[in-house]
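Please read it beside the sequence and the coordinates.

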Amino acid sequence: MNVGKLLETVNSLVPLNYAFEDDFVGLTVGSEDSKVNGVAVVHELENSILDYSTNNNINTLITYHPPPLKKILKDDGTETFEDDLLTAKCRESGLNIITIHTAQDVCNGGNADSLVDLFGITDTKVFAHTVGKFGAGRYGNIPKTSNSELKEIVESKLNTKIVRTNEYFQEIKEINTIAILPGSGTQFLEEIISKVDVFITGDISHRYLLKGDETHLGLIQVNHLSTEIPGMKKFVENLNKALNQELEYLYKDFYEWAISIKQLNWITRIR
Ligand SMILES: [Fe+2]
């Protein structure tokens with residue numbers, strides 16, 4: 001199998017053209033013509049992943065987060081992007097990298113839909129649109145709950161204790177509607193003010209916590225990765241069915257209670 005064929009399979013599960021326009025998805029490092037020796041699905045690049053890949057003849061990674069880039073401001077004022085150090089090391093080592101990121105957030109059964117299933121959201125609508133009907137956020141109704149109950153539900157469903165709320169959330173007596181967006185949803189907060197009781201996402205900046213207080217929107221900020229892991233697990237299941245493989249999915253458990261990236265013997269191979 002070559003990388004181009006693997007890319008086709010990934011694209012059949014996660015249509016890459018529905019990602020945000022400025023997102024770095026698809027074949028982000030390497031060549032479609034390369035033969036796939038070994039493959040692993042990883043949440044993101046890390047030095048330990050690069051070392052393992054090099055030592056174990058894994059030449060192809062499917063990543064959720066894109067390889068890091070650095071922005072270069074040219075003399076004429078225009079911007080361009082170059083590989084950050086880790087990305088450059090991966091490229092030099094001959095790795096091929098396929099990245100799915102926001103295409104995986106928005107696709108049918110992807111990261112956002114997985115959160116809908118987890119929280120039992122009904123009458124679901126989409127926000128944070130990318131292309132056409134596709135978008136990274138979901139909102140709708142949940143069975144009536146209190147603020148403290150919802151916080152416990154979030155901890156249990158997303159397998160994390162890293163949960164922070166804004167001040168207004170503490171005052172809410174009854175919650176009937178929520179919005180949820182995997183990863184960092186700060187920039188889409190304005191879209192769902194007045195539409196729901198509570199917005200759940202990762203990485204909410206302080207200014208937006210205050211914005212929620214001002215506009216009477218409850219905010220729950222959770223560990224970033226915890227909002228992306230449920231959908232990624234489903235992606236790996238679907239990929240394994242499509243490839244008839246048993247690939248594992250690797251991420252750093254420091255950011256979630258789960259398997260450890262040190263247990264690197266889970267990586268299996270496509271030959
Ligand atoms: Fe993310």
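1. Helices are DSSP runs of type H or I with at least four residues, numbered from the N terminus. On that basis, L239 belongs to helix 9. The model discussed here is a predicted one.

2. Is L239 buried or exposed? L239 is classed as buried because 22 C-beta neighbours lie inside 10 Å, the threshold for that class being 20 or more. Apart from residues up to four places away in sequence, L239 touches L13, V41 and L247. P67, by contrast, is 172 residues from L239 along the chain, and the C-alpha atoms of the two are separated by 21 Å.

3. Helix 9 covers residues 229-243 and packs with helix 5, which covers residues 111-119. The angle between them is about 110° and their axes are 7 Å apart. Helix 5 is therefore roughly perpendicular to helix 9, since angles of 65 to 115 degrees fall in that class. The crossing of helix 5 past helix 9 is right-handed. On the side of helix 5, the contact is made by N111, S114, L115 and L118; on the side of helix 9, by P230, G231, M232 and K234.

4. The domain assignment divides the protein into domain 1 (3-103 + 228-257) and domain 2 (111-224). Taken over C-alpha atoms, the centres of domain 1 and domain 2 are 27 Å apart. Contact between the two involves 13 residues of domain 1 and 13 residues of domain 2. Which element gives the most to the side of domain 1 that touches domain 2? That element is helix 9, with 4 residues.

5. The largest nonpolar core contains 65 residues. Those with the most contacts inside this core are A40, A103, I178, A179, V198, F199 and I200. Strand 10 (residues 175-184) supplies the largest share, 5 residues. The core draws at least three residues from each of domain 1 and domain 2. For V198, once neighbours within four places in sequence are left aside, the contacts are L150, F169, I175, I178, G218 and I220.

6. E174 is placed in the loop between strand 9 (163-165) and strand 10. E174 counts as exposed because it has 9 C-beta neighbours inside 10 Å, and the limit for that class is 12 or fewer. Residues up to four places away in sequence aside, E174 touches K144 and S146. The C-alpha atoms of E174 and T145 are separated by 5.8 Å, although these residues are 29 apart along the chain.

7. Most residues other than glycine have a negative phi. H216, however, has a positive phi, near 60°. H216 is found in the loop between helix 8 (206-215) and strand 12 (218-222). With 12 C-beta neighbours inside 10 Å, H216 counts as exposed.

8. The other angle is that of N244, a residue other than glycine whose phi is positive, near 55°. N244 lies in the loop between helix 9 and strand 13 (249-250). Is N244 buried or exposed? N244 is exposed, because 7 other C-beta atoms lie within 10 Å.

How values were computed:
Residues numbered from 1 in each chain as written. Predicted model: local features only at pLDDT ≥ 70, side-chain atom pairs only at ≥ 80, totals over all residues. Core = buried A, V, L, I, M, F, W, Y, C linked by C-beta atoms within 7 Å. Helix = DSSP H or I, 4+ residues; strand = E, 2+ residues; numbered from the N terminus. Domains from an automatic or database assignment. Contact = placed C-beta atoms within 7 Å. Axes fitted to C-alpha atoms, helices over the stretch in contact; angles between N-to-C directions. Parallel < 35°, antiparallel > 145°, perpendicular 65-115°, else oblique. Left-handed = near helix turned anticlockwise from the far one by under 90°.
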